[in-house]
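Hi,

Here is the structure I promised to pass on.

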Amino acid sequence: MATSGSVPITPVLKDELDIVIPTIRNLDFLEMWRPFFQPYHLIIVQDGDPTRTINVPEGFDYELYNRNDINRILGPKASCISFKDSACRCFGYMVSKKKYIYTIDDDCFVAKDPSGKDINALEQHIKNLLSPSTPFFFNTLYDPYREGADFVRGYPFSLREGAKTAVSHGLWLNIPDYDAPTQMVKPLERNTRYVDAVMTVPKGTLFPMCGMNLAFDRELIGPAMYFGLMGDGQPIGRYDDMWAGWCMKVICDHLSLGVKTGLPYIWHSKASNPFVNLKKEYNGIFWQEEIIPFFQAATLSKDHDTVQKCYIELAKQVKEKLGKIDGYFVKLADAMVTWIEAWDELNPSSASATTATTATNGPAKK
């Protein structure tokens, strides 16, 4: 906060970052985040009944999209956006015009560090994204670019420049991000452990990405952050963010981009019903034992030199190899292609192409 007579400090990336929030309820949780979020533009994706009014606290700069808006903007391609599932958030990634995205769930609140100070999660994500990653060689002091750390003895000097960071994956205090079976056997478990560390996920290593506290460089990796077909009408749910994470990581590895995980923490306030979750996850629990080896073995050629080309090739491989497991994956592969087509329509590569300004939801609301 600026002192009396001083020039106010402009928040970092104020005009280069959108905050995307999927929701079915009033966004009272923003009051707790006001000191950190109010300077930034919000994109709210309303799930479920589009006739319901979602109340947003005053003072925030935001756009709000419901299912009617998605259908109007994307037309037939709206079929690639999940309904009645938080995967709908990826529509916000598509319509954003900023370089960076931070997405958070509406049951996540400001956490405190061990000293009792409120954690500015957005600030830490920005630090992660603006510093390099080290995917090609693990540094045992974790992130060597943090203050007070460096590359350890034996770390190759030729790799110390690092790679561009595409994704910053944050963690959670209180309610862990568990699957339904683990929730059932550990119903009272809470995460109270604060680990002051950020690390790069090594090249060739997959991880279960969680979408409730996540930031990424939209220009570097945006088209790969598709949360798939989940929820209403689909045989699976709660695998949306993980699907995006597996696709994204294969592409980041191919394009020599980095992914960080660790700080910042948020406070996850509400445990979802494990029995409801089990119904959503049931197929995924079986399918993941074949899905993960598929991604571990997936390869992309040098000709796949853009995120879009990589993603279309992954979709082709999904159809050919995972389609044998269940017809759902054929449908998902088609949706992946539709997603890229819709992304490119709303984000044309040349100034002479049709701009997405003809398909917005009107001026931002104050």
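Helices (H or I, at least four residues) and strands (E, at least two) are DSSP runs, numbered from the N terminus. This is a predicted model, with local features needing pLDDT of at least 70 and side-chain atom pairs counting only at pLDDT 80 or more, while totals for chains, interfaces and linings use all residues. Residues are numbered from 1 along each chain as its sequence is written, and side-chain values use heavy atoms, leaving out hydrogens and water.

Let's start with α8. Phe275 sits in this helix, which covers residues 274-297. Phe275 counts as exposed because its relative accessible area is 57% (exposed is over 50%, buried under 20%, partly exposed in between; 1.4 Å probe, protein chains only). The helix bends by about 55 degrees at Glu281, the bend being the angle between axes fitted to the seven residues ending there and the seven starting there. Glu281 is also one of the buried residues of α8, which include Trp287, Ile291, Phe294 and Phe295. The buried residues of α8 pack against α5 (180-185), α7 (240-255), α9 (307-322) and α10 (327-346), where contact means heavy atoms within 4.5 Å.

Now the salt bridges. There are 17 of them in the structure, each a side-chain nitrogen of Lys or Arg within 4 Å of a carboxyl oxygen of Asp or Glu. Asp106 and Arg25 pair up at 2.8 Å, N to O. That pair links distant parts of the chain, 81 residues apart: Asp106 is in the loop between β4 (100-104) and β5 (108-109), and Arg25 in the loop between β1 (17-23) and α1 (30-37). Asp106 is buried, at 12% relative accessible area, whereas Arg25 is partly exposed at 30%.

Lys99 and Glu219 form another salt bridge, at 3.4 Å from N to O. This one also joins distant parts of the chain, 120 residues apart, with Lys99 in the loop between α3 (90-95) and β4, and Glu219 in helix α6 (residues 218-221). Lys99 is partly exposed, with 22% relative accessible area, and Glu219 is exposed, with 58%. Shared partners tie Lys99, Asp217 and Glu219 into one salt-bridge network.

One last item is from the records. UniProt (unreviewed entry) puts a "glycosylation site" at Arg153; UniProt positions are given in the numbering used here, feature names are shortened, and annotations may be inferred rather than shown by experiment. Arg153 lies in the loop between α4 (121-130) and β6 (165-174) and is exposed, at 84% relative accessibility.

Cheers
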